[in-house]
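Student: I am new to this structure. Can we go through it in questions and answers?

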Amino acid sequence: MQGGDILNVKAQLLDNKGIDRALKRISHEVIEKNKGAADIALVGIKTRGVPLAARIAGYIEQFEGVKVPVGMLDITLYRDDLTEQSEQASLNETRVDFDVRNKIIVLVDDVLYTGRTVRAALDAIIHIGRPRAIQLAVLVDRGHRELPIRADYVGKNVPTSKFEIVHVKLMETDGEDRVIITEK
């Protein structure tokens, strides 16, 4: 949010219990689709995808007894709007401390919108190595795709207008768990 922007909160989509239920469901779906968790690794897209990936990994461990690796991906240098963002883009932290080759990588992000962030994340993962498969888990899918990308696992589908903004707030980054829609 910009300092001068006045935002009207239209609705709360998820509270802390709703987020928890969605992440537990996503965790079960990941396990079911992949017939267990043996070859799975989670990679969170910075910023809010990272704590979501860690939470999903915790649930997978709780449900399956398997500790899955979790990585952190900064997609800054892979964005297709890099020149629009800044003259001097800087790479923040990418941390994937495991071999992605022959793994099923589940990319995790908070909101799926145009698909451009996911496209950049795909490029970044492929740059690291060639996984057996890449899947996508998002807490919220709000529509309005500009690229042919869809999530394999979705916490909540929310039809939105282009004037609305979906804000995901997480305890690890924002001090609270909730998802709201605002409108300028």
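Student: Is Phe 63 buried, partly exposed or exposed?

Tutor: This is a predicted model, in which local features need pLDDT of at least 70, side-chain atom pairs count only at pLDDT 80 or more, and totals for chains, interfaces and linings use all residues. Residues are numbered from 1 along each chain as its sequence is written, and side-chain values use heavy atoms, with hydrogens and water left out. Buried means under 20% relative accessible area, exposed over 50%, and partly exposed in between (1.4 Å probe, protein chains only). Phe 63 has 26% relative accessibility, so Phe 63 is partly exposed.

Student: Which residue forms an aromatic pair with Phe 63?

Tutor: Rings of Phe, Tyr and Trp (its six-membered ring) pair if their centres lie within 6.5 Å; planes under 30 degrees apart count as stacked, over 60 as edge-to-face and the rest as tilted. The count comes to one aromatic pair. Its centres are 6.0 Å apart, with 10 degrees between the planes, so by the cut-offs it is stacked. The partner of Phe 63 is Tyr 59.

Student: Where do Tyr 59 and Phe 63 lie?

Tutor: Helices (H or I, at least four residues) and strands (E, at least two) are DSSP runs, numbered from the N terminus. The two residues are four apart, about one turn of the helix. Tyr 59 is buried, because its relative accessibility is 14%. Both residues lie in helix H2 (residues 49-64).

Student: What span does H2 reach from its first C-alpha to its last?

Tutor: The expected span is 1.5 Å times one less than the number of residues. H2 has 16 residues, and 22 Å is expected. The model comes close to that, at 22 Å.

Student: Which residues touch the most other members of the largest nonpolar core?

Tutor: A nonpolar core is a set of buried Ala, Val, Leu, Ile, Met, Phe, Trp, Tyr and Cys residues joined through side-chain atoms within 4.5 Å. The largest has 31 residues.

Student: Is Thr 114 buried or exposed?

Tutor: Thr 114 sits in the loop between strand E4 (104-112) and helix H4 (116-128). Beyond four places in sequence, Thr 114 touches His 144, Arg 145, Glu 146 and Leu 147 (contact means heavy atoms within 4.5 Å). Its relative accessible area is 16%, so Thr 114 is buried.
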